[in-house]
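Let's take a walk through this model together. Have the sequence and the 3D view open as you read.

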Amino acid sequence: MLTNQKLQNALEEIRQICNMETALYGSDGKLTADAGDMGANRELSPVVEEFAESLADSQTFQKFHLYRVVVEGETEYILVCRVTGEEDMIYAKMAVCQIRNLVMGFVEQFDRNHFIQNILLGNVLMADLVIKAKKYHIADCQRVVFVIDTGNKNNDLAMELVKNLSDLRSKDFVTSLDQHSVVLVKDISYIGQEEPETKLQQIASSLSDSLHMEAMIKVRVGYGNPVKRLADIAQSYQEARLALEVGRIFYAEYDTISYGRLGIGRLIYQLPMSLCEMFIKEVFGDEIPDILEDEEAMSTINKFLENNLNISETARQMYVHRNTLVYRLERIQKAIGLDIRTFDDAMIFKIAVMVIAHMKDSKRGAM
């Protein structure tokens, strides 16, 4: 719905330009906005209500002229103007056109937004999609869907900021399908074919950084693969949602995650629980080692894996002696039954940790 404040601003501008008092009533005859004191006129209110129920396009009452604001065959508002001369009659008709254009612009924007939402959800038949896309002047081009997870933190503010960062006058669309995320359908025709993933990563990082800096909102951004047809943005949207879900479980340390770079997390996410439990039992036996809950031990392991099993480099980055790190790794080996200094055991351990994360998340979802 078009906000009353926007309508009030429009009436104030009309008054400043034409020096003519105006008031806007809804189709039910109730006052919506008033640039003057006509809203306090008790004689005027019943006249407006009677006019709203009539079939007349305009009406005169004392010094007031009443006009219907008709959009797509329906009466949306009734504009009342205080007319004192012939010039005011011209201004009044221009004011009707101004209000009508304002309402029509909002209706078209609302309809376009609703249309894009239905495409994202896969609720539009191909025949309807072609007809409505032509009606709203939306052409096929290369697009990517970005989903910005705000975590229920000021979603409206996040949407406004994303709109400011986008080019809505071209082929970008910003919408929301729930209370904790914003969806950006981004035109990427300008990117070209060279290193598109790098460019998409830059866009995602820019969204994350801007929302954090300007609105103090910590967000996570997931994005799908590029698509060329408007009908296929539903696929890119589902990919972006999956990227966020898989990233939440396996790559929580990253603020942005691409569907095209989910890696082994994509495979583990699709494993059934029975197979996961069998694998963990094969690796650790009946009991999962307590050391996996030890932050210091896991920090040492992660740093060691990040440095490609290089003991010297890991010790340097952790500011410990090489022998101290070797001692820690030996203690970890005794606790988990794997020597992560070897490639095979390190790979098994990395996969096992991800599988355990998947199992824990599935149990939380089942509760």
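## Ground rules

Two strands count as paired if DSSP finds at least two bridges between them. Helices (H or I, at least four residues) and strands (E, at least two) are DSSP runs, numbered from the N terminus. With that in hand, here is a pair to look up: the bridge partner of Phe-146 in β8 is Leu-184.

Please keep in mind that this is a predicted model, in which local features need pLDDT of at least 70 and side-chain atom pairs count only at pLDDT 80 or more, while totals for chains, interfaces and linings use all residues. Residues are numbered from 1 along each chain as its sequence is written, and side-chain values use heavy atoms, with hydrogens and water left out.

## Overall form

The protein has 13 helices and 10 strands. Its C-alpha trace spans about 95 × 45 × 45 Å along the principal axes. The radius of gyration (taken over C-alpha atoms) is 30 Å, whereas a compact globule of 367 residues would have one near 21 Å, by the rule of 2.2 Å times the number of residues to the power 0.38.

Buried residues (under 20% relative accessible area, with exposed meaning over 50% and partly exposed in between, for a 1.4 Å probe and protein chains only) make up 42% of the 367 residues. Contact means heavy atoms within 4.5 Å; among contacts between residues at least 6 apart in sequence, 59% join residues at least 24 apart.

## A five-stranded sheet

An open sheet of 5 strands runs in the order β7-β8-β6-β9-β10, with mixed pairing. β7 (173-178) and β10 (256-258) stand at the edges with a single partner strand each, so one side of each has no neighbour in the sheet. From one strand to the next, the twist averages 20°.

Strand β6 (residues 143-149) pairs in the antiparallel sense with β9 (residues 220-223) over 4 bridges, and Asp-149 stands opposite Arg-220 in β9. β6 also runs antiparallel to β8, joined to that strand by 7 bridges. β6 is mostly covered, with 6 of its 7 residues buried.

## The helix on the sheet

Helix α5 (residues 155-165) packs on the sheet and touches β6, β7 and β8 (181-187). Its direction makes about 160° with that of β7, where axes are lines fitted to C-alpha atoms, for helices over the stretch in contact, and angles run from 0 to 180 degrees between N-to-C directions.

Which residues of α5 are buried? They are Asn-155, Ala-158, Met-159, Leu-161 and Val-162. Seen down the axis of α5, these fall within an arc of 165° (that of the directions from the helix axis to the C-beta atoms), so they line one face of the helix. Their cover includes β6, β7, β8 and α6 (196-215), while the face turned away from the buried side carries the exposed residues Asp-156 and Asn-164.

## Two nonpolar cores

A nonpolar core is a set of buried Ala, Val, Leu, Ile, Met, Phe, Trp, Tyr and Cys residues joined through side-chain atoms within 4.5 Å. The largest has 53 residues, of which Phe-284, Ile-336 and Phe-349 touch the most other members. Helix α7 (residues 233-250) supplies the largest share of this core, 8 residues. A second, separate core of 22 residues includes Val-144, Leu-184, Ile-217 and Val-221.

## Arg-15

Arg-15 lies in helix α1 (residues 4-18) and counts as partly exposed at 32% relative accessibility. Leaving aside neighbours within four places in sequence, Arg-15 is in contact with Met-20, Glu-21, Ala-35 and Gly-36. The C-alpha atoms of Arg-15 and Leu-325 are separated by 77 Å, with the two residues 310 apart along the chain.
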